[in-house]
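Morning, everyone. Please have a look at the screen.

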Amino acid sequence: MEKNEKEDEFVCRTYGKSELAQLYCPDIEPKTAVAKLNQWITLKPGLKEALANTGLKHCAKQYTPAQVRLIVDALGEP
């Protein structure tokens, strides 16, 4: 059975923080994956500020499509 190439494409949509983090770090626990993604966001110059400018709050449970695009543009697709 041939796999549809579109199935492998990353879709920029609303993601829960742990959902997106686990796409980047699938082999670790969700809480640890979120911490790792947050660390990468902090280490990437300008990314944390760009996300804050979209209205992202530390306590947010989800990333909007615009926020996901910023993350993917900075870190690459998961």
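Accessible areas here come from the Shrake-Rupley method with a 1.4 Å probe. On that basis, the surface of the protein comes to about 5,600 Å². Carbon and sulfur atoms account for 52% of that surface. Keep in mind that this is a predicted model.

Now the layout. The protein has four helices and two strands. Read from the N terminus, the order is β-α-α-α-β-α. Along the principal axes, the C-alpha atoms fill a box of roughly 45 × 25 × 20 Å. There are 78 residues, and 26% of them count as buried.

Contacts next. Take pairs of residues at least 6 apart in sequence. Of the contacts between them, 56% join residues at least 24 apart.

Charges. I have 11 positive side chains and 11 negative ones. The centres of the two sets lie 12 Å apart.

On to the core. How many residues does the largest nonpolar core have? It has 17. The residues with the most contacts inside it are Leu 20, Tyr 24, Leu 37, Ile 41, Tyr 63, Val 68 and Ile 71. Helix 2 provides the largest share, four residues.

Let's stop at Leu 20. Which residues does Leu 20 contact, leaving aside neighbours within four places in sequence? The answer is Phe 10, Tyr 15, Leu 37, Tyr 63, Val 68 and Ile 71.

A search of the whole structure finds two aromatic pairs. In one, Phe 10 and Tyr 15 have ring centres 5.5 Å apart. Their planes sit at 5 degrees, and the cut-off for stacking is under 30 degrees, so this pair is stacked. Phe 10 is buried, and Tyr 15 is buried too.

The other pair is Tyr 24 with Trp 40, and it is edge-to-face. Centre to centre, the rings are 6.3 Å apart, with 80 degrees between the planes. This pair links distant parts of the chain: Tyr 24 is in helix 1, Trp 40 is in helix 2, and they are 16 residues apart.

Is Tyr 24 buried or exposed? Its relative accessibility is 15%, so Tyr 24 counts as buried. Trp 40 has a relative accessible area of 31%, so Trp 40 is partly exposed. The cut-off for buried is under 20%.

That cut-off matters for two more residues. Val 34 is in helix 2. At 19% relative accessibility, Val 34 counts as buried because the limit is under 20%. Ala 50 lies in helix 3. Its relative accessible area is 24%, so Ala 50 is partly exposed.

What does Val 34 touch, not counting residues up to four places away in sequence? Val 34 touches Lys 17, Ser 18 and Ala 21.

Finally, two C-alpha distances. Val 34 and Asn 53 are 19 residues apart in sequence, and their C-alpha atoms are 20 Å apart in space. Ala 50 and Gln 67 are 17 residues apart along the chain, and their C-alpha atoms are separated by 8.5 Å.

That's my list. Over to you.

Conventions. Residues numbered from 1 in each chain as written. Predicted model: local features only at pLDDT ≥ 70, side-chain atom pairs only at ≥ 80, totals over all residues. Heavy atoms only, no water. Buried < 20%, exposed > 50% of the residue type's maximum accessible area, 1.4 Å probe, protein only. Contact = heavy atoms within 4.5 Å. Lys, Arg positive; Asp, Glu negative; His and termini not counted. Charge placed at Lys NZ, Arg CZ, Asp CG, Glu CD. Core = buried A, V, L, I, M, F, W, Y, C linked by side-chain atoms within 4.5 Å. Phe/Tyr/Trp six-rings, centres within 6.5 Å; stacked < 30°, edge-to-face > 60°.
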